[in-house]
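Here are my notes on how the inside of this chain is put together. Have the structure open while you read.

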Amino acid sequence: MQTVTYEGIKKNAESRELITDFLVVEAPLEISINQSPFTVVMRTPGNDFDLIRGLLYVEDIYRNTGELLMEIISETPNGFTKIEVSIPEDKIGIGYLNKRSLLSVSSCGICGKQQLEDFDSPKTKLAKQLSLNLNKLPEMFALMTANQKTFSLTGGSHAATVFDANYQMLTLKEDIGRHNAVDKCVGALIQSQQLKKGTFLLVSGRVSYEIITKAFFAKIGTIVAVSACSSLAVDYAKEFGICLIGFSRENKATIYSNP
């Protein structure tokens, strides 16, 4: 978690009062692989190693769950960071050869595609998943909300949370980018050797196709969102065998795929 303070003028009917506010930090993270620039991620500083580990895993760049060497090359007080990742050449996945963009913005992840064929999905789907008890959702979201420390201060961050089959929270990460929060969760589970336990993914915002693909490669079969789901997200979820639920609030939810 990283925030900055900001002094602004609060207006009301009676006075103009100087107040101190908190802002969520957005700053670039430059990732190099084997001393070659790979990408720049706009993210909220904190859990950067988890972010990198998760990103490389779900983008099919490094799918090994063993130890990965990462080193901070430079870091500034305002969160501008460079990290070098060392991967044995024979362990680098096809995702590295098909890298699509040198900028990942906080609003939409690695959105750049070189060609339409990059939208092709794997020709497999997840095995039948454990059913979700919908009565557990209010309790799960309440736990997620209670642990959103950055959001409680700034109102400007997203959260992703992964639960196991017994509805125990395995990890929760926050970031200005929805997809970054998911990557941080996946990375944290890899680092703690708990990725296979991940069963339910809760996200605080909407769901795009990228979050579906990240969950697919992490083999998390159920995604529940507070907000809406895009048409491509629903299409991908149906194809991948993922149960996708949106608008989960006020004791209601919409199931879009694989109920």
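1. A term to start with: angles under 35 degrees count as roughly parallel, over 145 as roughly antiparallel, 65 to 115 as roughly perpendicular, and the rest as oblique. Keep in mind that this is a predicted model, where local features need pLDDT of at least 70, side-chain atom pairs count only at pLDDT 80 or more, and totals for chains, interfaces and linings use all residues. Residues are numbered from 1 along each chain as its sequence is written, and side-chain values use heavy atoms, with hydrogens and water left out.

2. How do H6 and H7 pack? Their angle is about 20°, with the axes 8 Å apart (axes are lines fitted to C-alpha atoms, for helices over the stretch in contact, and angles run from 0 to 180 degrees between N-to-C directions). The two helices, H6 and H7, are therefore roughly parallel to each other. H6 brings Tyr-209, Ile-212, Thr-213 and Phe-216 to the contact, and H7 brings Leu-232, Ala-233, Tyr-236, Ala-237 and Phe-240 (contact means heavy atoms within 4.5 Å).

3. The largest nonpolar core has 33 residues, and Val-186, Leu-201 and Val-207 are among those with the most contacts inside it. Such a core is a set of buried Ala, Val, Leu, Ile, Met, Phe, Trp, Tyr and Cys residues joined through side-chain atoms within 4.5 Å; buried means under 20% relative accessible area, exposed over 50%, partly exposed in between (1.4 Å probe, protein chains only). Elements supplying at least two residues each include helix H1 (48-58), strand E7 (158-163) and helix H6 (209-217) (helices are DSSP runs of H or I, at least four residues, and strands of E, at least two, numbered from the N terminus). H5 gives the most, with six residues.

4. Look at Val-207 too: beyond four places away in sequence, Val-207 touches Ile-212, Ile-223, Ala-233 and Leu-244, among others.
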